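Dear colleague,

I am handing over the structure below, and my notes on what was found in it follow directly after.

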Amino acid sequence: MIVIPALDIRAGACAHSSLVPDGAHRARLGDPAYATQHWVRCGFSRVQVIDVDAEAGRSNNAAIVAGVLSEHAALLQVGGGVQSAERAEELLASGARFVVAAAPSGGAYGWLGELSDAHPDSIIVSIDARDQRVASATSSPGSRVIAVVEDLSALRLAGIVVTAVHRRG
């Protein structure tokens, strides 16, 4: 089993904001690079960094993510708003070990298939789920999660992350 601590970056800082109104935080830590270093010192071999603002389409924390990557690239899987091969390529070029991409809608896996062929075992696909169905507007909403996972299994992925969005936090 691999345990991977996750850092959600919102408005330039690490923020634990699940299940609270938009813009509110349960906890906030101002320096994502420091938080990443903390998990590394604790012995974790991988840390996930998610740009929550980019994921929500509000803005992005690309500069912050780039700063964390410059210090800890080999240990990071990075995601949040990765809905194109171009963004994934940018993160991989910046040194991310893994890129977490949103599952495309309607089974249109063209760019994702090409990306996973170009970077085998470096792409992780993220699926948000509620009651065994896809809950994300970007990835076949309402489809059964198992069907999407079966479709994705033909690609050369490093993994698939299924998040029960009603259970976050």
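**Strand S7 and its partners**

Strand S6 (residues 98-102) pairs with S7 in the parallel sense over four bridges, where strands (E, at least two residues) are DSSP runs numbered from the N terminus and two strands pair if DSSP finds at least two bridges between them. This is a predicted model, in which local features need pLDDT of at least 70 and side-chain atom pairs count only at pLDDT 80 or more, while totals for chains, interfaces and linings use all residues. Residues are numbered from 1 along each chain as its sequence is written, and side-chain values use heavy atoms, with hydrogens and water left out.

With strand S8 (residues 133-134), by contrast, S7 pairs in the antiparallel sense over two bridges, Arg130 standing opposite Arg133. The hairpin formed by S7 and S8 has two residues between the strands, and in it Asp131 takes a positive phi near 55°. S7 itself, which spans residues 123-130, is mostly covered, seven of its eight residues being buried (under 20% relative accessible area, with exposed meaning over 50% and partly exposed in between, for a 1.4 Å probe and protein chains only).

Gln48 lies in strand S4 (residues 47-51) and counts as buried because its relative accessible area is 14%. Not counting residues up to four places away in sequence, Gln48 touches Ile4, Pro5, Ala6, Leu7, Gln77 and Val100, a contact being heavy atoms within 4.5 Å.

Gly12 is placed in the loop between strand S1 (6-10) and strand S2 (13-16). Leaving aside neighbours within four places in sequence, Gly12 is in contact with Gly30, Pro32, Asn61 and Ile64; the C-alpha atoms of Gly12 and Asn61 are separated by 6.0 Å, although these residues are 49 apart along the chain.

**Aromatic rings**

The count comes to one aromatic pair, taking rings of Phe, Tyr and Trp (its six-membered ring) whose centres lie within 6.5 Å, with planes under 30 degrees apart counted as stacked, over 60 as edge-to-face and the rest as tilted. The rings of Trp39 and Phe44 have their centres 5.4 Å apart and their planes at 80°, so this pair is edge-to-face. Trp39 is partly exposed, with a relative accessible area of 26%, and for Phe44 the relative accessible area is 26%, which makes that residue partly exposed.

With kind regards
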